Amino acid sequence: MARKWVLFIALAVWTCIYPSGHAFAFSPQVIQRGAVGDDVIELQARLQYLGFYNGKIDGVFGWRTYWALRNFQYEYGLPVDGLAGSETKRKLVNASKYYEQFVKEQIRQGNDFTHYGGIPLSQQVKKRGSSAGSVRAAKTTASNVPKGFSQNDIRLMANAVYGEARGEPYIGQVAVAAVILNRLEHPSFPDTVAGVIFQPGAFTAVADGQIWLTPNETAKKAVLDAINGWDPTGGAIYYFNPATATSAWIWSRPQIKRIGNHIFCK
Amino acid sequence: MVRNLLIAALVVAVVGTGYWGYREHQEKNAILIHAENNYQRAFHDLAYQIDLLHDKLGATLAMNSHASLSPALAEVWKIASEAHSDVGQLPLSLLPFNKTQEFLSKIGEFSYRTAVRDLEKEPLTKEEYKTLEALYKSAGAIRQELRNVQHLVLENNLRWMDVELALATNDEKGDNIIIDGLKAVEKNVDTFSSSSEFGPSFIGLANEEKGFVRAKGRPISKAEAKRIAREFLGLKGTENIKVTDSGNGADERFYSLTIHDPKTKGDIYMDVTKNGGYPIWALNSRPIGKPKISLHEAANRGMAFLRRHQFTGFELYDSTQYDNVAVLTFVKSEDGIRIYPEAIQMKVALDNGHVVGFTARDYLSSSIPRPLPKPTLTVEAAKKKLNPHLKVMEERQAVIMNDLQKPVLCYEFLGTLGDETYQLFINAATGLEEKVEKLESVEPNYR
């Protein structure tokens, strides 16, 4: 009799921890659009398993994932808010499977793959022939980028910022990036990132080749901050180092403020 | 014997060095010529484009039929844009040549706007014809000057590399024909654009500096700025704060604060308006650790921060995770109407959920008149204006700035077409499709 009870309690505990027999892999966070990471990979894989999501499983919660999630919520009678909260995640876990090892392995090898239910996994992989052997970490395979800028644009700007202002405080680096962006908008300057950076004589770092030094993370962060809307210069389109500036004309520009070794002006 | 060998070796060395030096010289020359040719191409191309611009502007003046006017204006737009790009390739950044470039960009803007307009329904106004005439006249003057410089360049074999050198070394005494010629061009444009000949339709295109219309109140002192920063950033009071005044080039006076806490790495920077003491922006440069909270949680904390500092009626518009920071955009929302120009951006660190960045520049400088207008179109009528292939997923009302930098009340639709997501704005009064944007924020990593 006692034995039966023990068994019963064990079973009860078991069902409490594993409510439906699935391992609960999602972390407790609420996942929303713009998020990146393992939870997003699982979310995309599970939505794809059910046929809601046809995009790439890349670990970045973009618009396609968003609509897929909303469709899922609609079909499963959940409040349609595009947020993967606990209730949504529970229903999703109950309805779908997630072959984590398979997914992570494909990402590591850089293969094109899908994760649909009802099709053998082996048929859902397209091996990448040429770059075989280059194994990467099992993490996201895409990145969020600010509207209108690619990762390469950001890198190019980081090169310019690093070449121009690597000795400056962080805010001075954001400021240099902001000047590049202000020039993009200004009618007196070219309209593209490359046009502004490579305008002959515009930046000393371009003229003497320092732009081709490898930028560090700080420079990249500074560029990202500037693109996302931080302009410490108050709309400046020029700056100069008062210790080395030779042009009399640049001194005649109305000055806005000084950051580090640079004076920023209109 | 030894002597002969030595002499032979020496001769070989001398000849070798000479040959090497000759090759170096040749290579250097080749590169110089290459660079020079690039400049020459840009310059002669510019002269040609301005010529063409002048001709085309002249042709538009004589045109009467709308069917020929629109394409002609579109061509003016294209030529102006190419000339603009040519100027960007010349070593003129140390030479005040911005008026010319600004002029080109304004011609482009003017011709674009008139070209895309339905001239059948809305023909060119008298003012616009006046503007067109003025543009034609000044393009003619620029063309004359540029052709002159071009002639001198060709006649005297002038090199742009010398211009670059003269500008870089700030050589004042050596009178450079190119520099003088371009200065004359610039002066010409200046007299034209400062005169009122262009008419009101042209002045309206200029980048208007609005300043912080929302920052009202009496001027504050430096000590007050410090107090505001302490309160806004939740400082302990032990930090070292440095305050500096803005220079006289600033549109609007402000204080810049640098907050240094010896205990933490990385300083906090902040600007506060002088009038009323409104925080313009703040940025914390501390290193951020591994993410511990979710983007969603970060968004909630950002919203709580706004509420705590009396920014009420905002809603989250966009949230993006970059490694270990969340970048959030909040917009003002009144009765379900999103007012996009009144936006505040924030950065929240995902390691401890603290706000590490704030910027209200857009919000402070936006002046959308209240009360907001009521839509005259129904949402159904607006929907009929959409591309029928589009699948509408979300709809709401919103205020945006249109092409002419005027605030307009619109119906906003989020829809999908194929795999892409689009954001569309239909004017709630006229039914005009004010803005259509493809929303894309994810880019695959390259390897």
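**A close look at one helix**

Tutor: Start with helix α3 of chain B, residues 98-116. This helix has 19 residues and reaches 27 Å from its first C-alpha to its last, close to the 27 Å expected at 1.5 Å a residue. The expected span is 1.5 Å times one less than the number of residues. Helices here are DSSP runs of H or I with at least four residues, strands are runs of E with at least two, and both are numbered from the N terminus.

A word on the model. It is predicted: local features need pLDDT of at least 70, side-chain atom pairs count only at pLDDT 80 or more, and totals for chains, interfaces and linings use all residues. Residues are numbered from 1 along each chain as its sequence is written, while chains are lettered from A and ligands numbered from 1 in the order in which they are written.

Now set α1(B) beside it. Helix α1 of chain B, residues 2-62, has 61 residues and reaches 90 Å from first C-alpha to last, close to the 90 Å expected. Its buried residues include B:Phe43, B:Leu46, B:Ile50 and B:Leu57.

Back to α3. It supplies at least two residues of the side of chain B that touches chain A, as do α2 (66-88), α9 (295-308) and β13 (442-444), among others. The contact takes 52 residues from chain B and 57 from chain A. Contact means C-beta atoms, placed from the backbone, within 7 Å. On the chain B side there are 17 nonpolar, 26 polar and nine charged residues. Ala, Val, Leu, Ile, Met, Phe, Trp, Tyr, Cys and Pro count as nonpolar; Asp, Glu, Lys and Arg as charged; the others, Gly among them, as polar.

Three bridges join it to strand β3 of chain A, residues 142-144, and the two run antiparallel. Strands pair if DSSP finds at least two bridges between them.

Finally, zoom out. Chain B is divided into domain 1 (32-203), domain 2 (222-364) and domain 3 (379-439), with bounds from an automatic or database domain assignment. The C-alpha centres of domain 1 and domain 2 of chain B are 42 Å apart.

Methods. Buried ≥ 20, exposed ≤ 12 C-beta atoms within 10 Å, placed from the backbone. Contact = placed C-beta atoms within 7 Å.
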